Amino acid sequence: MTTLKGFIFDMDGVVVDNHPYHFSAWMEFSKKHNYPLTEEIYRDRFNGKTNADLFPMMFGNISESDIKKYSLEKEEMYRKTYLEHMMAHKGLVDYLEFLKSKKMKVALGTSAPTENVDFVLDHLKLRKYFDVIVDGTMVKKGKPDPEVYQLCCMRLGLEPSQCVVFEDSLAGLESGKRAGCSIVGIATSHKAYELKPLTDQIVHDFTEPLVKGLVG
């Protein structure tokens, strides 16, 4: 691993360990719209993807206005469910403070829509830690395409080889790997053994010594 200068965080499952609340909202939405969603389908096909990818997968060839309508409906369900439970992932704030003290560049690279990014960063007062924010509305292709992490690196002014990505989803890990970044898997939405094929470095939260050891 080369000397790292950029630290890029996915949001859902990394900045916040919120997958049970997203899953609950997706189940509520799917039941209402008669889509046969299961936990296995959610974990394997939904996790890490943008709404622009997911709703055509669910409903077929639908219009942009329908995608926006469904997205607003589902995300409102999620935010209502998660609001009173919201907290930063264990050790995250201390780690972000540590990175800033070491003059590292920090980015957020997420498939989530802007409204959810604002919801998390502003409620938890985390926005000040991120030099760059790239969300799902800013890319043409969602994860596992590398675009989101390529854009993060470009906006940080760094080469992908100088950046590490923290990811919990299989699609996100593939995205970061294809972008050319180093990868640290966060075992929240998947078990460590499921992440293993895409990364040799896996942690459960940001209190583990490995994460501080990434800073040279």
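1. Ground rules. The model is predicted, so local features need pLDDT of at least 70 and side-chain atom pairs count only at pLDDT 80 or more, while totals for chains, interfaces and linings use all residues. Residues are numbered from 1 along each chain as its sequence is written, and side-chain values use heavy atoms, without hydrogens and water.

2. 6 strands form an open sheet in the order 3-2-1-4-5-6, with parallel pairing. Strands (E, at least two residues) and helices (H or I, at least four) are DSSP runs, numbered from the N terminus. Two strands pair if DSSP finds at least two bridges between them. The edges are strand 3 (132-134) and strand 6, each of which pairs on one side only. Strand 2 (residues 105-109) joins strand 3 over 3 bridges, and Ala107 stands opposite Val132.

3. Helix 5 on the sheet. Helix 5 (residues 92-101) packs on the sheet and touches strand 1 (6-9), strand 2 and strand 4. Its direction makes about 155 degrees with that of strand 1. Contact means heavy atoms within 4.5 Å.

4. Strand 5. How many residues of strand 5 are buried? The count is 5 of the 5 (residues 182-186), so the strand is largely enclosed by the rest of the structure. Buried means under 20% relative accessible area, exposed over 50%, and partly exposed in between (1.4 Å probe, protein chains only). Ser182, Val184 and Ile186 point one way, while Ile183 and Gly185 point the other. In a regular strand, side chains alternate between the two faces of the sheet.

5. Neighbours of strand 5. Strand 4 (residues 163-167) pairs with strand 5 over 4 parallel bridges. Glu167 stands opposite Gly185.

6. The cores. A nonpolar core is a set of buried Ala, Val, Leu, Ile, Met, Phe, Trp, Tyr and Cys residues joined through side-chain atoms within 4.5 Å. The largest has 50 residues; Phe7, Phe9, Val15, Tyr95, Phe130 and Phe166 touch the most other members. A second, separate core of 20 residues includes Cys152, Cys163, Ala179 and Cys181.

7. A helix pair. The axes of helix 4 (residues 64-82) and helix 6 (residues 114-123) come within 10 Å and cross at roughly 10 degrees. Axes are lines fitted to C-alpha atoms, for helices over the stretch in contact, and angles run from 0 to 180 degrees between N-to-C directions. Helix 4 and helix 6 are therefore roughly parallel (under 35 degrees; over 145 is roughly antiparallel, 65 to 115 roughly perpendicular, the rest oblique).
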